[in-house]
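Have the viewer open and follow along.

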Amino acid sequence: MGGWNVSDIPDQTGRTAIVTGATSGLGAATARALAEAGARVTIAVRNQVKAQAVANSIAGEVQVRSLDLADLGSVRAFADSVDHADILINNAGVMAVPKSTTADGFEMQIGTNFLGHFALTGLLLDRITDRVVNVSSITHYIGRIDLDDLNWEHRAYSRFGAYAQSKLALLLFTNELQRRLRLADSPTLALAAHPGYAATEISSKTQNFLEQLVGLGNRLVAQSADMGALPTLYAATADVEPGGYYGPEWFDWRGYPKRVGESAGARDEKTARQLWELAEQLTGVNFPI
């Protein structure tokens with residue numbers, strides 16, 4: 001797979017894709033590549049003005065739709081408006097933000113990065129014909145799922161700990177979704193990807209010393225958003241293994257996409273089932289499988 005890039009994307013003519021959070025960085029690069037390969041792309045975002053500027057810069061069929069993953073009412077409204085999609089790419093996210101809550105009272109990072117995407121996927125699943133791609137992170141290795149305190153109501157809050165938990169949750173969700181799809185004999189695939197260390201707007205949202213450190217890393221080490229989007233694009237369009245996880249070839253940090261490993265915690269089937277059940281309770285969304 002070494003060297004796979006956007007020129008290797010199969011013709012996407014006649015296919016539809018939804019990309020969440022595509023106002024900049026990885027999401028914008030993902031939407032652009034899919035549209036230029038012929039797909040009809042929906043950019044699902046909070047900031048429609050910013051997203052429209054991205055859409056206007058893309059040569060292809062792109063529409064902008066309102067979606068706030070930190071508000072389950074918005075998630076339901078968006079899902080109700082969708083008739084069909086071949087590909088759902090759960091890309092949107094917030095990273096290492098100060099403690100705050102979503103419209104539904106969830107801790108902002110688990111609420112946006114995981115619970116919002118969990119609800120969106122469940123509401124759309126019977127209209128997704130090909131695959132769901134969840135965008136995780138190498139930080140999932142330091143994540144820990146606390147099923148008794150998912151929303152950080154009793155623990156001392158850690159911005160990076162909350163981010164890592166949300167990205168580990170996305171991998172557990174991917175693995176459990178693929179297991180359930182397989183048991184239901186569904187042709188739909190669940191996959192995950194991560195960008196490695198990519199210079200994107202999300203990683204500039206941290207504050208104080210951490211912001212300075214991330215900014216320095218972006219300048220010295222990080223690869224571009226276009227390169228960081230390749231694992232997601234590979235998972236979304238290539239001939240892949242069900243439940244596969246894809247990232248950069250060089251130590252998970254940089255390079256072209258390949259199948260990569262995940263932590264033992266991400267493969268914990270008991271935790272995955274328990275997290276799924278908890279997410280259904282919190283969001284009120286039950287999957288049709």
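What pLDDT does the protein average, and what share of the residues score at least 70? The average is 93, and 91% of the residues score at least 70; pLDDT is the predictor's confidence in each residue, from 0 to 100. This is a predicted model, in which local features need pLDDT of at least 70 and side-chain atom pairs count only at pLDDT 80 or more, while totals for chains, interfaces and linings use all residues. Residues are numbered from 1 along each chain as its sequence is written, and side-chain values use heavy atoms, with hydrogens and water left out.

Two stretches call for caution. Over residues 203-213 the pLDDT stays under 50, and the model has 15 contacts there beyond four places in sequence (contact means heavy atoms within 4.5 Å). Residues 215-220 also stay under 50, with seven such contacts beyond four places in sequence.

Start with the strands. Helices (H or I, at least four residues) and strands (E, at least two) are DSSP runs, numbered from the N terminus. Eight strands make an open sheet with mixed pairing, in the order E3-E2-E1-E4-E5-E6-E7-E8; two strands pair if DSSP finds at least two bridges between them. Strand E3 (62-66) and strand E8 (254-259) stand at the edges with a single partner strand each, so one side of each has no neighbour in the sheet. From one strand to the next, the twist averages 25°.

Now look at E4 and its partners. Strand E1 (residues 16-20) and strand E4 (residues 85-90) run parallel and share three bridges, and Val19 stands opposite Ile89 in E4. E4 also pairs with E5 in the parallel sense, over five bridges; here Ile87 has Arg131 in E5 as its bridge partner. Seven of the eight residues of E5 are buried, so E5 is largely enclosed by the rest of the structure. Buried means under 20% relative accessible area, exposed over 50%, and partly exposed in between (1.4 Å probe, protein chains only).

H5 lies across E5, strand E6 (189-193) and strand E7 (245-250), at about 160° to E6. For these angles, axes are lines fitted to C-alpha atoms, for helices over the stretch in contact, and angles run from 0 to 180 degrees between N-to-C directions.

## Aromatic pairs

How many aromatic pairs does a search of the whole structure find? It finds twelve. Rings of Phe, Tyr and Trp (its six-membered ring) pair if their centres lie within 6.5 Å; planes under 30 degrees apart count as stacked, over 60 as edge-to-face and the rest as tilted. One of the pairs is Phe118 with Phe173, tilted at 55° between the planes and 5.2 Å centre to centre. This pair links distant parts of the chain, with Phe118 in helix H4 (residues 108-124) and Phe173 in helix H5 (residues 159-183), 55 residues apart. Both Phe118 and Phe173 are buried.

Phe173 also pairs edge-to-face with Phe287, at 6.0 Å centre to centre and 75° between the planes. Ring pairs link Phe114, Phe118, Phe173, Trp276 and Phe287 into a cluster.

## Residues to click on

Trp152 is in the loop between E5 and H5 and is buried, at 6% relative accessible area. Its phi is positive, about 55°, although it isn't a glycine. The charged end of Arg155 sits over the ring of Trp152, 3.5 Å from its centre (a charge sits over a ring if NZ of Lys or CZ of Arg is within 6 Å of the ring centre and within 35 degrees of the ring normal). Ala96, in the loop between E4 and H4, has a positive phi near 55° and is buried at 0% relative accessibility.

Leu233 is buried, with a relative accessible area of 1%. Beyond its neighbours within four places in sequence, its contacts include Trp4, Val6, Ile9 and Thr30.
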